[in-house]
Amino acid sequence: MAGETPISEADLHAYADGRLAPARRAEIEAWLATRPEDAERVAHYRESATQLKARYEAVLAEPIPPRLERAASGRPRRWLEGASRAVAFAAGWTVFGAALGALAAWQIAFTRQAPAAALENTAIARRAAVAHAVYSPEVRHPVEVGADQEQHLVTWLSKRLGLKLKAPRLDEAGMSLVGGRLLPGDVGPVAQFMYQSDRGRRMTLYVRAENAPHRETAFRYARENNVGVFYWVEQTCSYAIASSDLSKEELLSVATMVYKQLEP
Amino acid sequence: MNEAERLVDLIPRLRRYARALVGDRSAADDLVQDTLERAWAKLHLYRRGTDLRAWLFTVMHNVHVNKVRATRVTDTLDDEMPELALRPPQSDALMVRDLDRAIALLPAEQRSVLLLVTLEDMSYEEVARALEIPIGTVMSRLSRAREKLRALMLGQGAAAKLKVVK
């Protein structure tokens with residue numbers, strides 16, 4: 001091709017990042033076709049960018065720690081937080097890092113020594129998956145009380161579980177409330193809320209009251225047959241979100257939405 | 001939407017960048033918290049209608065640089081000086097560990113450029129503004145970051161295995 005602009009290092013990066021106009025992109029492609037070494041290098045740039053993105057993607061969906069939400073709303077930090085962090089910083093990065101490493105190791109050891117707690121946590125995932133598999137295919141009776149009586153449903157379930165429940169709004173995820181039902185759990189009543197998209201994809205939210213205060217956990221994912229479940233434990237109750245229609249990513253984004261709305 | 005709500009909305013992205021920048025979760029969240037607090041203190045400097053995200057990343061960059069300066073034993077921010085890697089392995093997947101390790105070994109200045117381009121999808125101009133450096137510097141740091149990453153990823157398979165044994 002006559003009169004083409006010389007190709008610079010910056011062009012190769014812009015090409016790898018997909019930032020070029022189609023015409024220029026074609027020029028770079030033609031250029032790379034004759035230079036296998038550069039082509040390989042650029043392919044690696046691309047690939048590592050994809051890996052990097054994938055590696056940190058999950059952070060976006062993590063529940064937001066309350067201290068960050070407070071900071072974002074301009075509320076002051078709690079005094080203890082400031083104090084403990086001041087100590088950490090005074091100790092410097094190296095010591096801080098070593099302490100974190102030790103803490104992480106201790107936590108791993110602790111989790112390994114506590115199979116009972118872990119088992120208990122997976123139990124909720126299994127129960128939520130079974131409840132989902134039983135009721136979500138129902139055409140005529142998917143729920144006991146429909147969304148048209150939402151207030152009644154929420155009051156009823158709250159009373160039976162002894163918790164202040166709320167049916168989260170999931171319009172943002174394209175899901176609307178179908179209704180809910182009361183189910184027997186291993187220690188007491190459990191609430192199940194069912195949601196559905198306009199295309200008929202279903203998702204259920206399973207809520208169980210915890211009578212003893214619990215150690216809170218982060219989001220966990222489990223799969224029972226073809227039902228995916230995200231679950232997490234809070235001090236007074238556990239939640240599980242189950243669906244066989246939604247992908248793991250969709251389910252996680254719904255779980256995050258639910259978590260945000262139900263956070264005490 | 002007011003600034004507080006927009007700040008809350010941006011938390012996940014700030015956390016993602018911080019996690020990749022700093023390595024471990026709680027240190028990354030500390031950085032995000034400091035950034036948000038600084039942002040509130042400096043909100044009068046933010047010009048309404050301009051890109052709040054870009055402004056926040058500038059704030060975060062400055063907070064991070066100051067922290068590193070204040071807490072670092074060796075005070076070099078030299079491009080050739082690898083930072084201490086403080087990341088505990090978070091997964092058993094060797095590939096992930098290699099990537100984490102490789103990123104941790106990039107000089108801080110190159111790492112920020114690479115992460116803003118890759119994770120935040122910022123244009124090179126936006127990166128230049130966010131980090132307050134000329135665009136030529138953005139390109140040269142990006143180039144060096146990628147070359148170093150490539151060398152580390154291609155060459156460290158054996159080294160990584162040796163590490164695992166311990």
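**Helix packing and sheet architecture**

In chain B, helix 5 (residues 108–118) packs against helix 6 (residues 124–131) at an angle of about 135 degrees, and the two axes lie 10 Å apart. Helix 5 of chain B is therefore oblique to helix 6 of chain B. The crossing of these two helices is right-handed. Helix 5 of chain B contributes B:Ser112, B:Val113, B:Leu116 and B:Val117 to the contact. From helix 6 of chain B come B:Val127, B:Ala130 and B:Leu131. Six of the contact residues are nonpolar, one is polar and none is charged. The model described here is predicted.

Helix 1 (residues 9–16) and helix 3 (residues 36–57) of chain A pack at an angle of about 45 degrees. Their axes are 9 Å apart. Helix 1 and helix 3 of chain A are therefore oblique to each other. Their crossing is right-handed. On the side of helix 1 of chain A, the contact involves A:Leu12, A:His13, A:Tyr15 and A:Ala16. These residues meet A:Asp38, A:Val42, A:Tyr45, A:Arg46 and A:Ala49 in helix 3 of chain A. This contact comprises six nonpolar residues, one polar residue and two charged residues.

Chain A also contains a sheet. Seven strands of chain A form this open sheet, in the order 1-2-3-4-7-6-5. The pairing is antiparallel. Strand 1 (145–146) and strand 5 (220–224) of chain A are the edge strands, and each pairs on one side only. Strand 5 of chain A is joined by five bridges to strand 6 (residues 227–233) of chain A. These two strands run antiparallel. Within strand 6 of chain A, A:Gly228 stands opposite A:Arg223.

Two helices of chain A pack on the sheet. Helix 7 (residues 150–161) of chain A touches strand 1, strand 2 (175–184), strand 3 (189–197) and strand 4 (202–209) of chain A. The direction of helix 7 of chain A makes about 35 degrees with that of strand 2 of chain A. Helix 8 (residues 248–262) of chain A also packs on the sheet. Helix 8 of chain A touches strand 2, strand 4, strand 5, strand 6 and strand 7 (237–243) of chain A. Its direction makes about 150 degrees with that of strand 7 of chain A.

Notes
Residues numbered from 1 in each chain as written. Chains lettered and ligands numbered in written order. Predicted model: local features only at pLDDT ≥ 70, side-chain atom pairs only at ≥ 80, totals over all residues. Axes fitted to C-alpha atoms, helices over the stretch in contact; angles between N-to-C directions. Helix = DSSP H or I, 4+ residues; strand = E, 2+ residues; numbered from the N terminus. Parallel < 35°, antiparallel > 145°, perpendicular 65-115°, else oblique. Left-handed = near helix turned anticlockwise from the far one by under 90°. Contact = placed C-beta atoms within 7 Å. Nonpolar A, V, L, I, M, F, W, Y, C, P; charged D, E, K, R; others polar. Pairing = 2+ DSSP bridges.
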